[in-house]
Amino acid sequence: MKILVVGAGIAGSGVALMLTHDGHDVRVVDAITEPYRGGYQILFDRTAMRMVQRIGVLPEIEALSTPTATITVTRKGKDLARMRTDGYRSARRGDLVATIARHAERRVPFQYGVELVGIEHTLTGVVARFADGSAEKFDLIIGADGLSSTVRRLAVEDGRSAIYENGRHHLWVNVPGRMAGTTEAAILLGDRAGAQVFPYTDHDETLVLTSINLGRGRQHGPDLLPIAAELLATASDRFAPFVDQVRTAAPDRIRVTKFAQVRAPRWHARNVVLIGDAAHCIDPLSGAGAHGGLVGGAIFADELRRTPDNIAAAALRYRRRLLPFVRSAQLLTAGVVERATAGNLRQRFTADRSLIGAALAVRRADVPRRSFTTAALAASRSVPAPTN
Ligand SMILES: Cc1cc2nc3c(=O)[nH]c(=O)nc-3n(C[C@H](O)[C@H](O)[C@H](O)COP(=O)(O)OP(=O)(O)OC[C@H]3O[C@@H](n4cnc5c(N)ncnc54)[C@H](O)[C@@H]3O)c2cc1C
């Protein structure tokens, strides 16, 4: 099958490798001119690391990452819980994405600087239109183009945005130093704000990521710094060294983003399928985006192998298998953030409903058992492409 993957992020690179393994003729395009490096530190959970092993890039990811710090949940000076992070690894997001893409590029053709701008369904396939005016027909287009997916908007949404927002904003501030000189991390719960305090494990700096309930209000980063500083000051003495650093952070060390999840009722339309954040962004706070994108790609490849002549059926089974994980992760992430930042009773009720929904939806993600090691991928080059 001739397949176009739109997006060279973690989800796109992962699914491209898996589909190439199955003998498909796969190409990846991305609008950016080359993968960026650095960025905020993120964590890969145990499942994401298992998937990294399956696509044969474990040694490279281990070499650039470090074990994730232990996380303590704190509220007004009282430690409520400690989260186990055994097997989790942390590194800068850009470095992780670039390493996985470079690994995939050894087996799958990647084209950077190519932006998809149009999609047309035909009787026998789907035509992709690109920003340079060119067009090409494929049997399948996979939209792995992230939160603001063009593929989703063009082919899957029915005019209504699938993005869920709740008026919460994240204030990202990098500050020098680490909590008491350790690699401990923390989640802080306040009355109107919550925060994640994560040390960079490879150098002496800490990310303070504060979630604030602004509704439709102002989002000017410097105006929000006192809220973050106040939360740190009231949480525990451990954070005292960061309070002034945050309060006086320079504008170039601040970023404000909206809390956003993709809650799309469908993940496919005819010969177009969504993978990763394009289908089900959980929000960066969750720490589960790489998990969902990589597992989703593996499940879709698995289902397409079962019915290569019926993309729609494969896509429906893929969604059915991944949805319990996505639903519980989305509701849990939204519920925790909304509860920690609730401004009134109605908002508390909404948050509690999300948390109860998460508890009811909780199930283990369904990870296919197949291995996608380097050796298996090398052997796959001689496998003829299945006809469709
Ligand atoms: C700041 C931040 C922190 C995060 N922290 C964590 C964490 O700790 N743990 C975790 O697991 N996850 C985290 N995530 C989420 C995680 O990075 C993603 O869920 C995961 O990488 C999957 O992303 P993706 O490949 O689906 O999409 P993306 O990484 O968004 O990739 C989409 C790609 O599509 C390209 N593209 C978009 N439109 C077009 C177009 N029209 N034509 C061609 N190309 C296009 C873009 O250039 C981009 O390269 C974080 C995300 C962010 C932003």
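A backbone N or O atom of alanine 290 lies 2.9 Å from an oxygen atom of the ligand, in a model that is predicted. Taken alone, the ligand would expose 1000 Å², of which the protein buries 85%.

## The shell around the ligand

The ligand is surrounded by 26 residues, and the closest of these are Asp30, Leu43, Arg93, Asp277 and Ala290. Sorted by class, the shell comprises 14 nonpolar, seven polar and five charged residues.

At least two shell residues come from each of helix 1 (10-21), strand 3 (41-44) and helix 9 (289-306).

Helix 2 spans residues 46-54, and its buried residues are Thr47, Ala48, Met49, Met51, Val52 and Arg54. The cover over these buried residues includes helix 1, strand 3 and helix 9, three elements that also supply residues to the shell around the ligand; helix 3 (58-64) and strand 7 (89-92) are likewise part of that cover.

The N-terminal end of helix 2 is capped by aspartate 45, which has a side-chain oxygen 3.2 Å from the backbone nitrogen of threonine 47. Threonine 47 is itself listed among the buried residues of the helix. After helix 2 comes glycine 56, with a positive phi near 80°.

## The chain as a whole

The protein chain contains 12 helices and 21 strands, and its C-alpha trace spans about 65 × 45 × 40 Å along the principal axes. A compact globule of 388 residues would have a radius of gyration near 21 Å, and because the protein chain has 21 Å, the two values agree.

Of the 388 residues in the chain, 57% are buried. Among contacts in the chain with a separation of 6 or more, 72% are between residues 24 or more positions apart. The chain exposes about 17200 Å², and carbon and sulfur atoms supply 51% of that area.

Methods: Residues numbered from 1 in each chain as written. Predicted model: local features only at pLDDT ≥ 70, side-chain atom pairs only at ≥ 80, totals over all residues. Heavy atoms only, no water. Near = heavy atom within 4 Å. Polar contact = N/O pair within 3.5 Å; in protein donor to acceptor, adjacent residues only side chain to side chain. Areas by Shrake-Rupley, 256 points an atom, 1.4 Å probe, with all protein chains shown as cover. Helix = DSSP H or I, 4+ residues; strand = E, 2+ residues; numbered from the N terminus. Nonpolar A, V, L, I, M, F, W, Y, C, P; charged D, E, K, R; others polar. Rg over C-alpha atoms; globule rule 2.2 N^0.38 Å. Buried < 20%, exposed > 50% of the residue type's maximum accessible area, 1.4 Å probe, protein only. Contact = heavy atoms within 4.5 Å.
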